[in-house]
Amino acid sequence: MTGGGHGGPGQGNQGYGQGDPYGHPYGYGGTHAHEQSHGHGAPGHEQVSPYDPSPGRAAPGYHQAPAYDPPQEYHQAPPYGPHAAPGYHQAPPYDPPRGYGDHPYGDGAYGYATGAHDHDHDGGAHGHDPSYGYAVGAHGNDVGHGHPARPAHPARPARPEQGGAEHAHPQGGFDAPPEPHPARVDAHPADGGAPAPYAPATAPHVRPAAPGPPRTRHALRRDPRAHWAVLCLIVLVAATALVFAGYGRHEIAATGAPPPGCPTTPTTRGEGPVVQVDRNGILHSATPPDGTVALTYDGGPSPDWTPRLLDVLAAHRARATFFLTGSEAAAHPELVRRIVTDGHELGSHTYTDVDLAQVSDTRADLELSFTQNALAASTGLGTRLLRLPHTTGLAEFCEDQWRAARRAAQSGYVLVAADGKGVLQFAGSPQAVDATEELLARAGTTSHTSVGRALGITDTTYHVSTSAEWKGAAFVQAQHASRSFADAMAWLLGAAGVLTAARLALLLGVARVHVRRTRSRRRRGAPRLPPVTEPVSVLVPAYNEEAGIEATVRSLLASTHQDIQVVVIDDGSSDRTFEIAESVDDPRVMVVRQPNAGKAAALNTGLAWAHHDVVVMIDGDTVFEPEAVHRLVQPLADPRVGAVSGNTKVGNRQGVLGRWQHLEYVIGFNLDRRMYDVLECMPTVPGAIGAFRRGALAGVGGVSEDTLAEDTDLTMALCRAGWRVVYEESAIAWTEAPSTVRQLWKQRYRWCYGTLQAMWKHRRAVVEGGQSGKLGRRGLLYLLLFQTVLPLLAPLVDVFAVYGLLFQDAGQALGVWLGFTAVQVGTAVYALRLDRERFEPIWTLPLQIVVYRQLMYLVVVQSVVTALLGSRLGWHRMQRTGTATETLDRTAAGRPSAAG
């Protein structure tokens with residue numbers, strides 16, 4: 001295996017033997033300071049293939065170093081020596097730059113350059129035959145006489161003119177391997193393109209490109225606002241519809257019979273049960289003549305008894321007056337029309353059978369008006385006949401009932417009471433049908449007719465105008481719609497309750513399965529995969545994270561994993577994030593700076609500088625427990641596993657908002673991840689803690705910038721590529737949750753919107769097979785139902801629940817809510833127990849159901865509207881306070897080693 005460094009003047013054909021840890025040869029021969037040839041020192045010498053550490057393969061005159069054995073010619077400080085020997089550039093161990101060897105990112109030795117710097121890429125001196133002297137063709141680099149260039153891997157950054165990060169390397173080019181700490185990598189200096197202070201002076205021709213505008217795939221637009229007015233209107237219409245339906249069904253402001261022993265009415269003019277008031281305000285009463293009986297029926301019409309009663313009356317050629325309830329007339333217009341067609345008479349029994357004496361004058365007028373609308377819509381008729389509900393004879397009228405009756409009579413109504421002789425009164429019911437049939441069977445010569453015919457009143461009913469018919473039709477349609485809506489909401493509330501209960505049962509059952517699997521793997525004597533001890537690269541994208549970046553980096557450096565590289569990517573921070581990260585003096589830390597381009601671009605930049613084949617991605621505010629990295633990567637011992645989700649916990653959980661989010665993480669996120677793990681349909685590896693195979697990332701093109709939920713998008717892509725994604729509950733990281741409602745809204749808005757984008761992007765997984773099909777038919781449908789559809793309907797369900805509590809059986813509604821809360825509390829207890837958490841925050845759970853959950857529902861509404869309108873969002877950031885370690889600092893000493 002040949003190797004080399006950056007030759008100075010006069011060192012052109014010297015063969016410097018260096019054993020790169022992964023066997024990547026760097027055979028450089030320098031001709032002068034600015035024109036280096038990258039290849040073999042002497043002609044005709046054999047270049048061994050990268051990754052081949054076997055001795056004896058080097059050509060004569062070359063030093064073959066065994067794999068992972070630093071050559072003697074270089075001073076290498078283990079494990080990440082900061083400097084090479086004087087005049088040489090030592091690339092970091094395990095760092096195969098793009099286009100080297102058999103690494104997934106390309107082939108070849110360090111033999112390529114960009115056209116801008118005119119490097120000679122032959123195999124050493126001109127005319128010598130190179131072995132691996134070629135560059136990445138996708139970047140248009142000048143290629144020598146080596147093998148054809150392979151395309152660059154998508155996870156690697158583009159050239160600076162394409163918006164990628166640039167590294168000022170002594171050899172030139174945009175894809176030179178990064179230096180170990182303490183060298184800092186500045187993708188685009190803020191000084192307009194001057195070389196970074198740490199750039200070696202041997203490359204004055206290398207000038208970093210000036211920073212351009214931040215790259216983004218998302219066209220930023222102002223968040224939509226008008227839909228909130230629409231949502232309020234929808235909720236208002238829904239509430240109105242429920243109130244209207246409930247009013248018609250006597251669920252709202254219903255009245256009963258008057259109390260017994262009330263003061264009765266004074267003596268009226270005459271003795272008859274039918275009362276009118278003339279224009280002068282004088283009362284006139286009348287009674288049917290002898291031998292004539294007026295049949296009257298109160299209430300209805302109803303399919304249960306009205307058709308049969310009409311058949312009985314028709315069989316005996318009798319006529320009757322039907323005092324109809326307006327709400328029932330609107331519900332059954334066909335029965336109203338049959339009453340009129342059979343020759344019977346219509347009267348009003350108010351709209352909801354309300355006692356007019358117990359309501360205001362305004363409501364009394366509405367009751368009568370609504371009934372007239374219902375009759376006009378079904379028959380085109382109006383009526384002048386009125387019977388007050390809860391009344392019989394005039395002598396039994398209470399004083400306030402008489403006042404209400406006189407007021408109605410003064411407005412033109414004919415008040416019809418009953419006396420048991422000339423005017424018979426039946427309450428509409430099946431029993432009334434039987435009583436009528438018996439009465440008519442023994443009628444003899446008595447004539448049974450309607451009130452108008454019995455008294456000779458010809459204008460008891462009248463034809464209404466066309467506009468009144470239209471008004472009545474609109475009224476009836478509104479009632480039909482309101483009743484249908486109320487019925488649908490009742491069904492929806494029941495369905496939502498069943499689905500929620502089924503979801504909780506599924507989560508608890510599958511969580512139990514997950515716990516048993518975990519414990520069985522830990523049981524002594526159980527077959528185990530070999531531990532994962534290979535080195536790990538940890539990527540830390542950071543944007544204005546000065547409050548917590550140092551704690552994050554130092555928690556990683558305290559990891560018990562043996563070999564770790566920390567790459568901090570400062571995504572154009574305007575605070576001191578870069579300086580603070582740079583101040584961490586540890587050779588395992590590398591700090592890269594780039595213009596603000598978003599989290600996905602930052603991760604891709606970090607991936608390009610990562611040294612190892614196991615990559616951990618975290619957030620800039622995440623604090624790891626010492627064992628977290630080691631435990632997180634252990635599932636990667638299974639070759640089927642491409643990614644691992646860790647266990648994220650809320651660190652700042654002191655306030656009510658923090659406790660609510662803590663419960664959400666434990667009850668919602670972690671229980672869901674247990675279920676996803678068992679069902680093999682994990683949709684999200686959280687950005688706060690996740691481990692990946694570098695080869696798996698390469699296979700899906702790195703971290704996509706297509707969505708705002710880059711973690712969800714990446715996880716779904718891995719599942720569709722056939723990789724398994726699992727959950728490691730014992731790998732614990734602490735994150736800082738939003739401390740204000742505004743910050744929480746922004747964070748969840750981005751999460752939800754990005755998840756919708758990812759679901760749409762990977763929608764074809766529903767019809768695919770294998771691991772992709774499991775994601776589509778299990779994970780995506782679960783997300784669609786429980787995180788999109790039900791939250792969208794939640795405001796309407798809540799309106800219906802409030803309606804039931806106020807106007808229906810309050811005890812029943814309260815009992816349902818208490819039962820649901822009890823189930824939630826039980827689930828919370830189980831989830832907290834699984835995560836080895838204290839039960840203290842449970843007291844906030846009932847309030848969370850009432851307040852916090854509604855906020856999350858509104859986030860879904862906002863996200864869906866934003867997606868439908870085609871608006872785009874930027875990378876919202878949260879104002880950090882560095883409180884992610886609050887709980888960790890208090891509990892680290894007593895925390896168990898693993899959750900069970």
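The model is predicted, so local features require pLDDT of at least 70 and side-chain atom pairs count only at pLDDT 80 or more, while totals for chains, interfaces and linings use all residues. Residues are numbered from 1 along each chain as its sequence is written, and side-chain values use heavy atoms, with hydrogens and water left out.

Across the whole structure, a search finds 27 salt bridges, each defined as a side-chain nitrogen of Lys or Arg within 4 Å of a carboxyl oxygen of Asp or Glu. One of them pairs Arg387 with Asp298, with 2.8 Å between the closest N and O atoms. Arg387 belongs to the loop between β10 (385–386) and α6 (399–410) and Asp298 to strand β6 (residues 292–298), so the pair ties together parts 89 residues apart in sequence. Helices (H or I, at least four residues) and strands (E, at least two) are DSSP runs, numbered from the N terminus. Arg387 is buried at a relative accessible area of 1%, and Asp298 is also buried, at 11%; buried means under 20% relative accessible area, exposed over 50%, and partly exposed in between (1.4 Å probe, protein chains only).

A salt bridge also joins Arg588 and Asp586, at 3.0 Å from N to O. Here Arg588 is partly exposed at 21% relative accessibility, whereas Asp586 is buried at 14%.

Glu680 and Lys774 form a further salt bridge, their closest N and O atoms lying 2.7 Å apart. This pair links distant parts of the chain, 94 residues apart: Glu680 is in the loop between α14 (656–679) and β21 (689–693), and Lys774 is in helix α18 (residues 770–807). Lys774 is partly exposed, with a relative accessible area of 26%.

Finally, salt bridges with shared partners connect Lys649, Arg653, Arg674, Glu729, Asp835 and Glu837 in one network.
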